[in-house]
Amino acid sequence: MADFTFIDLFAGIGGIRLGFESIGGRCVFTSEWNDWSKKTYQANFGEEKHFIGDIVPYPAEDVPDHDVLLAGFPCQPFSIAGVSKKNALGRPHGFECTTQGTLFFDVARIIAVKHPKAFLLENVKNLISHNSGHTFEVIKNTLETELGYQIFHKVIDSKPWVPQNGERIIIVGFRSPVDFSWDLLEMPKDRPALKSVLHPEDGTESPQRPYTTANGKVHPKYTLSRKLWKYLKDYAAKHKAKGNGFGYGLVTSDSVARTLSARYYKDGSEILVSRGKMGRGNPRRLTPRECARLMGYDDSYEIVVSDTQAYKQFGNSVVVPVIKEVARIMEPFIEELIERTENE
């Protein structure tokens with residue numbers, strides 16, 4: 001028996017789900033519209049009957065009851081002009097008007113109907129400043145004032161858990177007041193370096209097909225061609241001359257990488273692994289398995305799509321150990337609210 005139930009909206013490849021399964025939660029409903037992400041998700045979690053595609057046309061009333069709502073919703077602007085016009089006309093402009101047409105609206109309408117005891121929302125850190133701060137103000141007002149939840153938000157950098165700089169905003173909410181605090185977060189003391197996710201290539205790792213060869217070496221296809229490497233160096237030099245910071249990110253086994261992004265499949269330029277001493281030899285991209293590790297997925301997680309799709313999926317993913325830690329500090333308060341409900 002699970003300790004609590006949750007739903008997984010804008011589920012991607014299930015990174016947030018893994019965090020809440022780790023504290024005893026059971027998923028009762030999943031929504032993800034991208035077919036390739038659905039393929040990866042279902043390969044790892046099973047062909048569940050409660051898995052649907054697009055949440056937009058789905059009635060909130062048909063979503064199963066649940067204790068916790070999880071959503072990594074996309075960042076979209078809300079129309080300031082539309083709200084002003086409705087004010088002038090004396091029309092109601094609650095969240096059903098201010099957020100209509102955005103995917104946050106679907107989070108809000110489900111919360112409004114199903115009243116989960118808690119939620120976790122995840123987004124890019126720029127959500128706070130997006131659209132001159134208006135987007136975040138609408139979200140806060142919707143969750144706090146209109147839906148009546150106590151909310152807490154924090155921008156968390158992933159580098160204490162994994163060897164990359166990656167800041168994301170986490171918003172957690174509770175239906176009734178609790179003593180939650182971000183001070184409960186525990187950061188790992190020893191920060192990992194990139195060597196912790198790279199294929200060692202020294203024979204100590206069994207072949208990770210199709211990413212490494214029989215002798216454990218990374219497949220040559222991940223090494224940049226002379227043409228692409230020259231282009232990236234010339235591009236970086238051109239922008240450096242102009243005083244800009246654009247360019248590739250060359251890393252070694254002792255490095256902490258830049259943020260892995262969904263565009264990594266294009267040229268891999270933000271994280272290029274140095275090959276050989278003194279920079280001799282063209283660098284290489286990370287393999288999809290290394291990208292999975294960089295996002296905190298263990299090697300039992302199945303990669304069942306092409307490299308291009310895998311790079312997009314891991315570049316869009318949450319960092320799993322970060323979500324696990326946030327879930328850990330939320331757990332006692334989720335249990336507290338469940339107990340309160342049972343005693344009412």
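Buried means under 20% relative accessible area, exposed over 50%, and partly exposed in between, with a 1.4 Å probe and protein chains only. The model is predicted, so local features need pLDDT of at least 70 and side-chain atom pairs pLDDT 80 or more, while totals for chains, interfaces and linings use all residues. Residues are numbered from 1 along each chain as its sequence is written, and side-chain values use heavy atoms, leaving out hydrogens and water.

**Exercise 1.** Describe how the rings of Phe174 and Phe180 are arranged.

*Solution.* Start with burial: Phe174 and Phe180 are both buried. Next, recall that rings of Phe, Tyr and Trp (its six-membered ring) pair if their centres lie within 6.5 Å; planes under 30 degrees apart are stacked, over 60 edge-to-face, and the rest tilted. Here the centres are 5.5 Å apart and the planes stand at 45°, so this pair is tilted. Finally, look around: ring pairs join Phe174 and Phe180 with Phe152, Trp182 and Phe333 in a cluster.

**Exercise 2.** Classify the pair Tyr264 and Tyr311, and find which helices hold the two residues.

*Solution.* With 5.1 Å between centres and 70° between planes, the pair is edge-to-face. Now for the helices (DSSP runs of H or I, at least four residues, numbered from the N terminus). Tyr264 belongs to H8 (residues 264-267) and Tyr311 to H10 (residues 307-316), so the pair ties together parts 47 residues apart in sequence.
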